[in-house]
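Subject: Structure for you to look at

Hello,

Here is the structure I said I would pass on. Please open it and keep it beside you while you read the notes below.

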Amino acid sequence: MNAAVGNDVVDLTDPAIGRHHENERFVARVCSEDERLRVSTARDLWSLFAANEAAYKALVKLGGAPGFGHRTLRVAPDLASIAWGDRRLALVVTGDGDHVHAVAWIGGGRPIARVARAGASGRGESEDARGVLRDLVAEAIGCAAGELEVVRDRVAGAWDGFGPPRVVRAGAPVDADVSLSHDGGLVAAAALFGAERIDS
Ligand SMILES: CC(C)(COP(=O)(O)OP(=O)(O)OC[C@H]1O[C@@H](n2cnc3c(N)ncnc32)[C@H](O)[C@@H]1OP(=O)(O)O)[C@@H](O)C(=O)NCCC(=O)NCCS
């Protein structure tokens, strides 16, 4: 069995994205034809966008990924699953008035996830997101967050030179696949346990 999780948070208070749902070209880039019919609000659009990004982050770890191809991913109308080719990921999209948060996963159990305001570490969003992830995993496995480290290995050809994040405790990998996201004033993390048999 392969198992992987991806998550994506979108800060809906960002004025730069508030009207994108009225921009037909942008909507057409993000959504399949069927999905376009479901977009009438910013939340509708960014829920689909976050679902695609979350699925992308999971799929890339399983050795396949759509690349810059939002439209090749199909989000179910009930936002409970997302498909790419013959792969189908479970999906949960949550959020309040301020944000949407998507978690997509395949295999494993049910992921745990959390969204928080940025600023806790005083060292930027990346570090804030890592703090949320460490807390989440520490609570789940019953250790102190300080025992956990979030690492990204160097990967030649990766878009930023590094592979996906993973969690290490005393030098040993924790049996969870994980995902980070940050946008605007928000950070988010997700963890899927029982994910030790990832292909890549
Ligand atoms: C990699 C990508 C998904 C990151 O998403 P983003 O919305 O820009 O940024 P987010 O804050 O949500 O996520 C960033 C985090 O993703 C994680 N990440 C980076 N590369 C990753 C990968 N290959 N797989 C999984 N997670 C990855 C990192 O932890 C990163 O945080 P960090 O820089 O603090 O370590 C995105 O930039 C990308 O390359 N997209 C291109 C593919 C595409 O078009 N996808 C749309 C769906 S088809």
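A residue is called buried if 20 or more other C-beta atoms lie within 10 Å of its own, exposed if 12 or fewer do, and partly exposed in between, with C-beta atoms placed from the backbone. This is a predicted model, in which local features need pLDDT of at least 70, side-chain atom pairs count only at pLDDT 80 or more, and totals for chains, interfaces and linings use all residues. Residues are numbered from 1 along each chain as its sequence is written.

Strands are DSSP runs of E with at least two residues, numbered from the N terminus. Start with strand S11, residues 186–193: 8 of its 8 residues are buried, so the strand is largely enclosed by the rest of the structure. Leu186, Ala188, Ala190 and Leu192 point one way from S11, while Val187, Ala189, Ala191 and Phe193 point the other way.

Two strands pair if DSSP finds at least two bridges between them. S11 runs antiparallel to strand S6 (residues 112–117), with 6 bridges joining them, and Arg114 stands opposite Ala189. Strand S10 (residues 176–183) is also antiparallel to S11, over 8 bridges, and here Asp183 faces Leu186. The hairpin of S10 and S11 has 2 residues between the strands, and Gly184 takes a positive phi near 55°.

Regards

Conventions: Helix = DSSP H or I, 4+ residues; strand = E, 2+ residues; numbered from the N terminus.
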